[in-house]
Amino acid sequence: MNTAVLTDIRPTTGDRIAKFFLGLRGFVIPILALVAWQLASQQGAVQAYVFVPLDGVFKSLIEHFADGEIPINWLASLGRTASGFAIGGLLGVSLGALMATFRPVDVLVNPIYQAIRQVPLLGYIPLISLWFGNGEPSKLLIISLAAFYPTVLNTYEGLKHIDARHVAVGRIFLASRWQTFRHIVLPGALPSVFTGLMQAVAFTWLSSVGSELFFNPGPGLGNMMANGQAAFRMEVVLLAVIIIGVTGYVTNLIVSKIADRVLRWRNVR
Amino acid sequence: MPFETPSPTAKLSIQSLSKNYVIDQKALRVLLNIDLDVHEGEFVSIVGRSGCGKSTLLRLVSGLENDYSGTIQLDGKVINAPSLDRGMIFQDPSLLPWMTVRENVAFALVNQNIPKAEKDKRVLDLIDLVGLKGFESAYPKELSGGMAQRAAIARALVSQPKVLLLDEPLGALDALTRLRLQNELQRIWLQHRMTMIMVTHDVEEAVYLGDRVVIMDPEPGRIRRIVDVPLAHPRDRASPVLHAIRDEVLKDLTNGVVI
C-alpha cells in the first residue's frame, strides 16, 4: 500500500528571516566599500582630500541641492537625454521599420548603416565638433545617435523575424493588411523593439554625460563634474558620479518594469 | 434496398489532384491523382507514413496553398484561397501569445461584420464548449498543451465553418489528454455535424473517430485504399469491430509486415 506523505511546504519564520537576509546580499560589497572609504579618509590630510569623508559628501549634497546646483544640472542632463532619446528613438524605429518593410530601402541603407555603426560614438566627436561646433546641437546629435543605433537594429530584427505560423493564422481568418500588421506583426516585433528602446535608454544617459564632458560648458551633470575637478572640489565630483549612477539605475528599472507590464504575455522561461 | 433517402451531397470534391514542389530545380511529386469525395457531415481520417503528402493535401483544401493541378471544390466552388468555410487546426495550437484565450478565439472573426454583442456571445459559447470556462483571460503561456489546443479548436469553430480541417491536432499531447480530446472532438462533431477531415499518425485515433479512413502511400503521395468504419457514434473503444478494423488498417499501412 502506498501512503501519500504530505510535506508542509509553507515557509516557516526561520525561512522568512533567511530570505530577508539573502535579499540583502547585494548591499554587502557597497557597505564594505563605504566603510573602507571612511577609514581611508581618516588617515591624514592628503587622504582626506582624495577620499572625501562621507559626512562631507552628504553635507555638500544638502548644500548643493539647496543652492540649486544639483537640480539645475540634473534636470539639464535629464532633459537633454529625453530629447535625444525621443529624436533618435523615433527616427530609429522608423528607419528600422522601413528597412524591414521595403526591400529597396533595406538594400540601399543597410550596408551604410552597418558600416557607420562600427565606429564607436566617441569616435565621431572630433568630426561632429568640426561640423556642428561645440554647443548644444552637437551634444543632442551624439545622444540621438546613441538612441538611433540600437532602435534601428532591434526594430529591423523584430519585424524580420515574425513567426510564420502566426502569419498563417492571420491568412486563415482573412485578416486585412492593416489587421495583420496591428494584431500579428506589431505585437510580434514588440519584444525586440523594447530591447532596442531599453538599450537606447542606457546609451543615451551615458552619452549625455559623456557629451557634456567633451563639448562646451552649459548646465549638466558632466559639467558639474568637470567644474568640480577644475576647482579641486572632490566632493562635487563624487556627488555627480553618484547621482549619475543612481539616475541610470532607476531609469533602467522603470523602463524594464514598463516592458514587463506591456509584454506580460511573454514566456520568459 | 429502397431509395428512401437521397445520398448526401458531396460537400468536398477532390478530383485528379496533383501537386509538385520544386526543390533544387527538380520537381518533387508530393501528390498524384488524388480523388476523394467527402460528404456533408462526414468524419474522414487520413493516415499514412511521413512524406505521403497528407498535410499538403490539407493545406491545399484550406487554401493556404493554391498551386496545384486538378480540382478541389467545396459545394461546387473551386478552392484557391483561405475562407471561413474551412476552419483549420494545426498540431501546434498557433495561438497568438499576446492575446488572451478570449481574444484569440475572437480573432477568428477579426474581419467579419458581426455586432459586438453577438461576437462576444459566440466567443464565450465556444470557450464554454471546449471546457475552458474560467480561463477567458489567461494568456497562452499559462495554458497546458491540451488547454491550448482546446482554445485553438474554439477559435477554429467560432466562425462556424462547414468543414473543419485537422492537421495532427492531438499529435503533441500526452496519451491521456489525447484520449480525452478525442472524445471531445467526437462530442463537438456530433453536436455540430460539420464535415471534418483529420490527418493523423495514430491509427487507433483515425479508426475511432473516422467514418472512413483514407490510407495514403508516400512518394508520390496517393490514395492506397479507403476503409469504411461502419459503426455509429459515439463509439465504444473496446468494440471488437473497431479493433479488427484498426488491425486491418495497420496491416495495410505496414504492407503486411508484422511489427
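Here is a short walk through a predicted model with chains A and B.

Let's start where the two chains meet. Chain A puts 16 residues into the contact, and chain B puts in 16 residues as well. On the side of chain A that touches chain B, the elements giving two or more residues are α9 (164–172) and α10 (177–214) of chain A. Which of them gives the most? That is α9(A), with six residues. If you sort this side of chain A by class, you get nine nonpolar, five polar and two charged residues.

Now look for the nonpolar residues on the inside. In soluble globular proteins, nonpolar side chains tend to be buried together. Here, the largest nonpolar core has 114 residues. The biggest share of this core comes from α10(A), which supplies 11 residues. The residues with the most contacts inside the core are B:Ile46, B:Val61, B:Val105, B:Ala154 and B:Ile197.

Pick B:Ile197 and see what it touches. Skip its neighbours within four places in sequence, and you'll find B:Ile197 in contact with B:Val38, B:Val44, B:Ile46, B:Leu58, B:Val61, B:Val163 and B:Leu165.

Finally, go back to chain A for a pair of helices. Two packed helices are described by the angle between their axes and the distance between the axes. For helix α5 (residues 69–101) and helix α8 (residues 136–160) of chain A, the axes come within 6 Å and cross at roughly 35°. The crossing of α5(A) past α8(A) is right-handed. And what sits in their contact? There you'll find 18 nonpolar, 10 polar and three charged residues.

Conventions:
Residues are numbered from 1 along each chain as its sequence is written. Chains are lettered from A and ligands numbered from 1 in the order in which they are written. This is a predicted model: local features need pLDDT of at least 70, side-chain atom pairs count only at pLDDT 80 or more; totals for chains, interfaces and linings use all residues. Two residues are in contact if their C-beta atoms, placed from the backbone, lie within 7 Å. Helices (H or I, at least four residues) and strands (E, at least two) are DSSP runs, numbered from the N terminus. Ala, Val, Leu, Ile, Met, Phe, Trp, Tyr, Cys and Pro count as nonpolar, Asp, Glu, Lys and Arg as charged, and the others, Gly among them, as polar. A nonpolar core is a set of buried Ala, Val, Leu, Ile, Met, Phe, Trp, Tyr and Cys residues joined through C-beta atoms within 7 Å. A residue is buried if 20 or more other C-beta atoms lie within 10 Å of its own, exposed if 12 or fewer, and partly exposed in between; C-beta atoms are placed from the backbone. Axes are lines fitted to C-alpha atoms, for helices over the stretch in contact, and angles run from 0 to 180 degrees between N-to-C directions. A crossing is left-handed if the near helix is turned anticlockwise from the far one by less than a right angle, and right-handed if clockwise.
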